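Let's take a walk through this protein together. Have the sequence and the 3D view open side by side as we go.

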Amino acid sequence: MAAIETRALSKVYKTYKKPPGLWGSVRGLLHRQYEETRAADGVTFSIEEGELVGFLGPNGAGKTTVLKILSGLLHPTSGEASVLGHVPWERPDALKRQFSLLMGQKNALWWDLPARESLELNRAIYGIPHREFKTLSGELTELLGVSDKLDVMVRELSLGERMKMELIAALLHSPKVLFLDEPTIGLDVSSAKKVRDFLREYNATRRVVTMLTSHYMQDIEELCKRVIIIDRGQIFFDGPLASITDRFATHKIVHLQFNRPPTTDPTAFGEILERDTHHLRLKVLRHKIPETCLALLSTGEPTDLNVQSMPIEEVIRQLFLEKQHASE
Ligand SMILES: Nc1ncnc2c1ncn2[C@@H]1O[C@H](COP(=O)(O)OP(=O)(O)OP(=O)(O)O)[C@@H](O)[C@H]1O
Ligand SMILES: [Mg+2]
């Protein structure tokens, strides 16, 4: 059996909508008007043991909703799901100790305690033996580079330090399934990297099934072989990340910086992704790279030029565009 399975999972949120003004309020009392949001709309996927899957999609696509259902925080409106063989919203004790949900936007730690004591409370809640707790928290704080922060009050930790402590708290009971909802949100480049490196290592050595959402494509690129992309509650891609990046490997991005722009018309070489007074980003067919670079550098006053493969953001934007065209 797969570690995580969902079938036709749907969630409709009903929010009460008050018509404007006094009469609206009065009318609203008589005829309640509801607005319905289909946050998840027939979501079906299955994830095997040991997988680390990126769960992607634009704001409001339904990612957090699905993770909350899988963590038992929400009941679905319809559909089925199982996590390690359990129905998450029935909240069986056997499951509680086997998964963790970390939400980058929310705090699970106690703010008015030093980090050490806050972690200790988590130890007590999960009934983790003292010795095990000591070894594991020592190991995790070391790996994440926050051993010297254990006596600092949680509220005084920097965002990055706090996120690392949150991660440690989420892992103390050695869960088999990990739901990470934007674990690197707001972190600086080096903290985000540390968290990524840690997660990669952790997944590789412990084979913990992980679903990860992030708006930072570097997280996805570095960590996930497989991605599930959701839009308006529906899955529209599920497969290897490489299969979508390969499709766009025909193109590269040329980034030119200049004091004065080239006089040649850049649209002759490819699609303009960005342009302002000092730089230009072009999507160019791979075999046209040399002639494009020569042409762009031969006029104007160039200061720098580099060529990159298509960033995943761009690949996903293209996928969305294709999807839009297909539905028109
Ligand atoms: N408690 C709620 N009541 C009503 N509507 C909600 C509720 N929670 C979420 N929604 C709506 O459901 C949709 C999906 O929200 P969700 O938080 O799952 O998206 P998301 O993919 O996690 O987005 P983001 O990338 O911004 O975190 C959105 O339209 C959102 O406004
Ligand atoms: Mg979300």
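We will go from the domains to a pair of helices and then to a pocket.

Please keep in mind that this is a predicted model. Start with the overall layout: the protein is split into two parts, with domain 1 covering 4-10 + 44-245 and domain 2 covering 250-309. Between the C-alpha centres of domain 1 and domain 2 there are 40 Å.

Now turn to a helix pair. Two packed helices can be described by the angle between their axes and by the distance between those axes. For helix H5 (residues 130-144) and helix H7 (residues 189-206), the axes come within 9 Å and cross at roughly 135°. Since angles over 145 degrees would count as roughly antiparallel and 65 to 115 as roughly perpendicular, H5 is therefore oblique to H7. On the H5 side, Leu136, Glu139, Leu140, Leu143 and Leu144 make the contact, and H7 answers with Lys194, Val195, Phe198, Tyr202 and Arg206. Sorted by class, the contact of H5 with H7 has seven nonpolar and three charged residues, and no polar ones.

The largest pocket holds about 560 Å³. It is lined by 23 residues, and those closest to its centre are Phe99, Ser100, Leu101, Ala108 and Tyr126. Which elements each supply at least two residues of this lining? They are helix H3 (93-96), strand E5 (99-103), helix H4 (115-126) and helix H6 (159-171). E5 gives the largest share, with five residues. By class, the lining of the largest pocket comprises 13 nonpolar, six polar and four charged residues.

Methods: Residues numbered from 1 in each chain as written. Chains lettered and ligands numbered in written order. Predicted model: local features only at pLDDT ≥ 70, side-chain atom pairs only at ≥ 80, totals over all residues. Heavy atoms only, no water. Axes fitted to C-alpha atoms, helices over the stretch in contact; angles between N-to-C directions. Helix = DSSP H or I, 4+ residues; strand = E, 2+ residues; numbered from the N terminus. Parallel < 35°, antiparallel > 145°, perpendicular 65-115°, else oblique. Contact = heavy atoms within 4.5 Å. Nonpolar A, V, L, I, M, F, W, Y, C, P; charged D, E, K, R; others polar. 1 Å grid on protein atoms, 1.4 Å probe; cavity = no way out; pocket = protein on both sides within 12 Å on 5 of 7 lines; lining within 4 Å. Points joined across faces, edges and corners; volume = space filled by probe spheres on them. Domains from an automatic or database assignment.
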